[in-house]
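Let's take a walk through this model, starting with its strands and ending among its rings. Have the structure open as you read.

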Amino acid sequence: MSAGLLIRCTVITTAVVSVTLSVCAAGPADRRTDDAAPPVGLLTNAASTEGIPQSLAEGTRYVARSNVLRLPSGRWKYLPGGRAAAAIVAAEDPGARKQIAESGAWLAGGRVPGASPAQRAAAERALLTMRALLRPNGAMAAGWSPAWMYSWPRDSSFACAAFAHTGHEAEAYRILRYSAATQRGDGTWEARTKLDGSGPPDGRRWQLDANGWVPWAAWHWYRTAPRATRQARLATLYPMIRKAADHAAASLRADGLPPASPDYWELMTTTPNIGTAAPLLAGLNSSADLAGELNRPGDAARWSGAAKRLSSAIARKFAPLGYQRTVDGRHGYDSAVAFMAPPFNAAPADLPRALDTSYKALLLPNGGLTPGNDPAAPWGGNAWTPSTSFFALAWAGTGRPAKARQVLDWVLAKRNSLGELPEKVDRAGRPSSVAPLAWTGSITVLALVALDDRGLPTPPSRFRGER
């Protein structure tokens, strides 16, 4: 949806010229029950997950490196294997201890990024949360509250990349297999699907940016996967990549830009938006490079050519506007400017200034960012953690680690009492809305990896003279 940031359910006035109606199926009134008591944490086993309500959270803490909850009484609460409902047991219960050991071994089998104990603790919790939200079939739940309990291609792709770069290759590949299984016949994806993969829960409009995000995620998985087996498994994914890239290439208009489409806000625009154009560029470059890995020169050339057209169009149409939300320049700055930076795209020379300008325009008094400053969008005074985290990732990828750490410190300081990252931060600086949110966790993990490694790999352009 896109995972949290997507305005899951937004109401917008019909008087706005260039933004049409919200695509959410339910308005705020329909979600009042869902929002009344969103979860604040998760209990989980290999197959089931249960939300922790706010009423239970006070005075409780997770047992280290686990999703086992230590209650104020000293007893533990956890979700035993093979069960769909949690149990309260004595401290040091053997079943709970076994689950703690298993989750600790899973973390130890990969990488927990971060330069400080606080950063590593946050990354550890985010990884365990992502694992809890990942279903056995590869569906990635955006969150564990009814309106979030679906799989969005966008959120799933970020989680795939985060798993890949922290050594959890099996989880990353499982997400990609689910994406392949739920791809529509024309190469696109629904805005979101039910977690059993049976289809969309409503009629909201699909978003073209998935055709960029999924190949981009596949590229990051491939870069980190074991060399002995990755090419054979890439061949299994390749039909999905081909359909996605061919649709993306065919969608480009005569001027090289994609058509108007709902962006990660899940709102339709009447002119092309950067939230679609930038992911498609990343996806076309990713697809071309993966085609080269499988010795498909025709595909590589076709998608590389489309990427060149799109890149040139972005430079002509969006760059002079500072990569604002829409190509008509009528809808303000947008946190999607970060999609023009690594690990999505090689940053153009003018991007650092655009990032600074956009950040200042979107900064709220509470220290976080609003997704955009389009006056037509009803964002209010809440900061959105995915949008804020985008800038940490972008600055980590463009050689500005101090700025990235400053933003990341703000995000990590807004975790709730269980250490979970929320979707929003209210005017008073308190966590609000659903927590945890898979998208924010994924972006945070990627930003920490980028800071540790002085950047993440970026899909290469297979043509010369991009800018």
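In β6, what is the bridge partner of Leu-69? It's Lys-77. Before going further, keep in mind that this is a predicted model, where local features need pLDDT of at least 70, side-chain atom pairs count only at pLDDT 80 or more, and totals for chains, interfaces and linings use all residues. Residues are numbered from 1 along each chain as its sequence is written, and side-chain values use heavy atoms, with hydrogens and water left out.

Back to that bridge. Strands β5 (residues 69-70) and β6 (residues 76-78) run antiparallel and are joined by two bridges. Strands here are DSSP runs of E with at least two residues, helices are runs of H or I with at least four, and both are numbered from the N terminus; two strands pair if DSSP finds at least two bridges between them. The pair belongs to an open, antiparallel sheet of four strands, in the order β4-β5-β6-β7. β4 (61-62) and β7 (87-89) are at the edges with a single partner strand each, so one side of each has no neighbour in the sheet. Across β6 and β7 lies helix α3 (residues 94-108), at about 65 degrees to β6; axes are lines fitted to C-alpha atoms, for helices over the stretch in contact (heavy atoms within 4.5 Å), and angles run from 0 to 180 degrees between N-to-C directions.

There's also a hairpin, made by β2 and β3 with four residues between them.

Now for the nonpolar cores, which are sets of buried Ala, Val, Leu, Ile, Met, Phe, Trp, Tyr and Cys residues joined through side-chain atoms within 4.5 Å, buried being under 20% relative accessible area with a 1.4 Å probe, protein chains only. The largest has 127 residues, and Trp-221, Leu-284, Leu-310, Ile-314 and Tyr-323 have the most contacts inside it. Apart from it lies another core, of nine residues, including Leu-43, Ala-57, Tyr-62 and Leu-418.

Last stop, the rings. The whole structure holds 25 aromatic pairs, counted when ring centres of Phe, Tyr or Trp (its six-membered ring) lie within 6.5 Å. One cluster linked by ring pairs includes Trp-265 and Trp-384. The charged end of Arg-325 sits over the ring of Trp-265, 3.8 Å from its centre; the test is CZ of Arg or NZ of Lys within 6 Å of the ring centre and within 35 degrees of the ring normal.

Technical notes:
Buried < 20%, exposed > 50% of the residue type's maximum accessible area, 1.4 Å probe, protein only. Phe/Tyr/Trp six-rings, centres within 6.5 Å; stacked < 30°, edge-to-face > 60°.
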